[in-house]
Amino acid sequence: MTGHLLRRAGQSVVVLAGVSVIVFALVHLVPGDPIRLALGTRFNQETYDALRERSGLDQPLAQQFVGWLGRVAGGDLGVSFRSGETVTSLIAERLPATLTLALASILVALLIAVPLGTMSALRPRSVVDRVATVLSQIGISVPEFWMAIVLILVFAGTLGWLPSGGYVPLTEDPAGWAQRLLMPAVVTGVVSGSVITRFVRSSVLEALGADHVRTAQAKGLPRRQVFTWHVLRNALLPLVTVTGVQLAYLLSGVVVVEIVFSWPGLGQLALQAVQARDYPVLQGAILLFAVVFLVINLAVDLLYTAIDPRIRR
């Protein structure tokens, strides 16, 4: 197990090195002058030249990359061209909102997907199965921004039960935090839950048809025991995989939902960095997204070994 973890850690380092090269190259291919955009109406040639020199943009690209990579290795993601704040502080400021939305959304998704997918698999081609299939298809097909606007019109505009957007930290106002979290979590949770529902259904159906399940049923074991010990545990592996992917996607920022609900997450930060050509912020955000995917993939692998001990061998 230790050897496997070391191999995965080594692979992650190689992947991050490749991602850093690609990110740096693509970001610098984006047209536009970040220093000119940052100065705006305050532009004059002396200030422009001084800021360009201070940010290192006057150096060759190869030298800029080596300098940036060295700073990143030391934990320094640079300073924003637009605000003058460190990238680390900007990400740390947005991270609680992103974590809150991602965890709440994945909880909503699992509360929808596991019961619906399981009932659908236990009663194939029944009314329950058909309804679950239709609902999951609707959840996948409906655009997130449309669903978000409908919820705002109904619950914020017509009924007045919930605020239309914004974010309040949990420590400052727990009730306001929950009210503002509910609608964006439902929107993203419904979409992710619709995707996960299909995986749960197919996984449970596959596990129900396995030889050891038929043997357990033939031996007269109670149906609940057969489902818990022989079906559910084997169906968990695909569920863990797709849940991990969805969680990584949510942690990388759901840009459309964040914009509609004025949610100050990492996705909105990355979008603002693209619009302002803020290279350090954009590079730091994308590098963080890559780390999130790698860490979640590693966590999924570890969960595999806990669910199915055969994988350890």
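1. Helices here are DSSP runs of H or I with at least four residues, numbered from the N terminus. The model is predicted: local features need pLDDT of at least 70 and side-chain atom pairs count only at pLDDT 80 or more, while totals for chains, interfaces and linings use all residues. Residues are numbered from 1 along each chain as its sequence is written, and side-chain values use heavy atoms, with hydrogens and water left out.

2. A cavity is a set of points, on a 1 Å grid over the protein atoms alone, where a 1.4 Å probe fits but cannot get out; lining residues have an atom within 4 Å of a point. The count is two cavities of 30 Å³ or more. The largest cavity holds about 70 Å³, the volume being the space filled by probe spheres set on the points.

3. Helices α5 (87-122), α8 (174-208) and α10 (223-251) each give at least two residues to the lining of the largest cavity. The largest share, four residues, is from α10. Among the lining residues are V114, T118, S203 and L236. By class the lining has seven nonpolar, two polar and no charged residues (Ala, Val, Leu, Ile, Met, Phe, Trp, Tyr, Cys and Pro are nonpolar; Asp, Glu, Lys and Arg are charged; the others, Gly among them, are polar).

4. Helix α5 also meets α6 (residues 127-141): their axes come within 8 Å and cross at roughly 140 degrees. Axes are lines fitted to C-alpha atoms over the stretch in contact, with angles from 0 to 180 degrees between N-to-C directions.

5. In the contact (heavy atoms within 4.5 Å), L116, M119 and S120 of α5 meet V128, D129 and A132 of α6. These residues divide into four nonpolar, one polar and one charged.

Definitions and conventions: On a 1 Å grid over the protein atoms alone, a cavity is a set of points where a 1.4 Å probe fits but cannot get out, and a pocket is an open set with protein on both sides within 12 Å along at least five of seven lines; lining residues have an atom within 4 Å of a point.
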